[in-house]
Amino acid sequence: MAYDGIVTYAITCELAEKLTLGKIEKVYQPGSEELVLHIHTRTYGNVRLFMSCNSMSARVCLTENRYANPEQPPTFCMLMRKHLQGGRITDIRQKDSERIIEIDIEAQNELGFSVCKRIVVEIMAKHSNIVLVDIESGKVIDAIKRISIDVNRYRQLLPGIMYKYPPEQEKIGFKQISEDMELPHDDKALMSKIGGISPAIAREMLVYCRQSNDAGILSTRPAARLAEILEGIDAFSKAQVYLQEDGTPQEFHLAELHEYEELSHIPFDSISECVEYFYSNRDSSNLVRQKSLPLLKAAQAALGKARLKKKKLAEDLLAAESSDRYQLYGELLTANLHLVQPGARKVTVINYYDGQPIDIPLDEKISASRNAQKYFRKYSKAKTAIHEKQSQLEDNENDIIYLESVVQNIEASTTEEQLDAIRDELQETGYVRRRQKAAQRRKKSRPDPIRYQLNDGTEVLVGHNNIENDFLTFKLAAKTDVWLHTKDIPGSHVIIRLEDGRRVEDLPAELIYQAAGIAAYHSKAKDSDNVPVDFVPVRYVKKPNGAKPGMVIFTHNQTVYVKPEVGRNEQEKKIQ
């Protein structure tokens, strides 16, 4: 991760240019370690400044993202609003070459007098913090993460204590490095000598250095490369994010990093845009993956129970279906009561259906006639059980189909909002225990299906989850639109929106195959080579009474076989 002192310097230069004299309109705290300031500037209008002291993604940058805020603001947020709201930013700077950004703010207190406050953002991995300091007294007003003497004997961050900077390291700040300075030949040695550089920059400084003398001292090239990097700070022309093969951000910097030149990269005009893209895309995928695990575990556990129940019901049904012998035993006993000896455990009689002898087990404690009645009751009970087991087996099969679709939806989710919608769905269907406080805090989001355009501009909609599937099919889609779904495979409902008067018969085969490819892509079979997809006008799709979300029946369907790669190609035409 390259949020080093050089990136910090570039960020402060950008923020100082854009935010100085800006007025703080609003303060939000979307997370326990995050702070967002809404700032009005004369030149750039309204902007949002994002600050995080998360150990894995500590940063300060401008952002276009809209973060969800809790209905009840945390105590630290209320304190920041009290001291900063309505204030103007007078200065933004970096502390030496460290990853520390100071933002000075002039505001008014309760009596209307001008007071000066300072936000200090310390970007130091697990020790990162956001601190509000009173400039006049130098005392800490509060910190988003309070540090007591039990945690750190050298430096406490508590209200009323004098603010003390983190201990200085015995290094030369990158700003003090001159081009003619002799530097060691190893990247780790460079980092131990120069303050504020990341491992990536240390390696970059050695890119052009291939010769060393007997003393192990390189030429001036490392320092020269550092000077080139610092000269590019004002332009930000080379700020870029380097991507792995799967599109996940690997590294970023405002300098061109030659060790990643074989990787694909995205250039940015602003270092803030570069930083926000890197962390948003990296953190969102990790966060979604972590948040999906408990939901996936709950759905898979329920699916395992349903499959086990199916096996047990099938065994019971098989046993019940072999109950015809009970009726035969009862009939033969009734016709041969005179052959049964008192206290006998079995009797051998002639089966008048095939003329063969047959042994009938008996309960020696009861009479022959009562044994016959017992077999008739067993037969009657088994016949009733067959009907009940078949009904239970059908319901259980529907549960399995539903849970398989839920598992597929969870695995395909890419945002927290999609996972929240699936959690709500599982709570409503009783598979996950309802958390009342969390449900009350979270507002239900409006369905927002995935949208595509086919080659001729026809719009295609795809549901994220089963509740959204129902919304698409039965509320949003017209009766003449086309409904698609993978045949007997868990997947999303897909709708082709048709203009008035247009019918499915009017669609070229090419468009049907494109839309079917999208349906195959948004299914459990996305990695298969040949996937069957049913398509039918929406008017033939029905929802049975009491059916779970996303479960439908349909008629008049046709089936095509497609490769999900068609859906992958359509990703390029996805409407953002």
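In which helix does Arg 225 lie?

**View 1. Arg 225 and its setting in a helix of the predicted model.** The structure shown in this and every following view is a predicted model. Arg 225 lies in helix H5, which covers residues 221-231. With a relative accessible area of 6%, Arg 225 falls under the 20% limit and is therefore counted as buried. The C-alpha atom of Arg 225 is separated by 8.6 Å from that of Val 207, a residue 18 places away along the chain.

**View 2. The largest nonpolar core and the surroundings of Met 51.** The largest nonpolar core holds 64 residues, and those with the most contacts inside this core are Tyr 3, Leu 49, Met 51 and Ile 119. Helix H1, residues 5-19, supplies the largest share of this core, namely six residues. When residues up to four places away in sequence are not counted, Met 51 touches Glu 33, Glu 34, Leu 35, Leu 37, Arg 59, Val 60, Ile 103, Ile 119, Val 121 and Ile 130.

**View 3. The open sheet of six strands.** In this sheet the strands follow the order E17-E18-E20-E19-E21-E24, and their pairing is antiparallel. Strand E17 (450-453) and strand E24 (558-562) stand at the edges with a single partner strand each, so that one side of each has no neighbour in the sheet. On average, and with direction ignored, neighbouring strands of this sheet are turned by 25 degrees against each other. Inside the sheet, five bridges connect strand E19 (residues 482-486) with strand E21 (residues 531-537) in the antiparallel sense, and the bridge partner of Leu 484 in E21 is Phe 535.

**View 4. Helices H11 and H12 against the strands.** Helix H12 (residues 509-521) packs on the sheet and touches E17, E18, E19, E20, E21 and E24, while its direction makes about 75 degrees with that of E24. Helix H11 (residues 466-476) lies across strand E18 (459-462), E19 and strand E20 (494-496), and runs at about 135 degrees to E18.

**View 5. Arg 539 in a loop.** Arg 539 lies in the loop between E21 and strand E22 (541-542). Its relative accessibility is 38%, a value between the limits of 20% and 50%, and Arg 539 is therefore counted as partly exposed. Leaving aside neighbours within four places in sequence, Arg 539 is in contact with Lys 479 and Thr 480. The C-alpha atoms of Arg 539 and Arg 93 are separated by 64 Å, and these residues are 446 residues apart along the chain.

**View 6. Helix H8 packed against H7.** Helix H7 (residues 324-335) packs with H8 at an angle of about 155 degrees, and the two axes are 8 Å apart. Since angles over 145 degrees count as roughly antiparallel, H7 and H8 are assigned to that class. Their crossing is left-handed. Residues of H7 that take part in the packing include Asp 324, Tyr 326, Tyr 329 and Leu 333, and those of H8 include Ala 368, Ala 372, Tyr 375, Phe 376 and Tyr 379.

**View 7. Helix H8 packed against H9.** Helix H8 (residues 368-412) and helix H9 (residues 416-428) pack at an angle of about 160 degrees, with 9 Å between their axes. This angle makes the two helices, H8 and H9, roughly antiparallel. H8 passes H9 in a left-handed crossing. On the H8 side, the residues that meet H9 are Tyr 402, Val 406, Asn 409, Ile 410 and Ala 412, and their counterparts in H9 are Gln 418, Leu 419, Ile 422, Glu 425 and Leu 426.

Key
Residues are numbered from 1 along each chain as its sequence is written. This is a predicted model: local features need pLDDT of at least 70, side-chain atom pairs count only at pLDDT 80 or more; totals for chains, interfaces and linings use all residues. Side-chain values use heavy atoms; hydrogens and water are left out. A nonpolar core is a set of buried Ala, Val, Leu, Ile, Met, Phe, Trp, Tyr and Cys residues joined through side-chain atoms within 4.5 Å. Buried means under 20% relative accessible area, exposed over 50%, partly exposed in between (1.4 Å probe, protein chains only). Helices (H or I, at least four residues) and strands (E, at least two) are DSSP runs, numbered from the N terminus. Contact means heavy atoms within 4.5 Å. Two strands pair if DSSP finds at least two bridges between them. Axes are lines fitted to C-alpha atoms, for helices over the stretch in contact, and angles run from 0 to 180 degrees between N-to-C directions. Angles under 35 degrees count as roughly parallel, over 145 as roughly antiparallel, 65 to 115 as roughly perpendicular and the rest as oblique. A crossing is left-handed if the near helix is turned anticlockwise from the far one by less than a right angle, and right-handed if clockwise.
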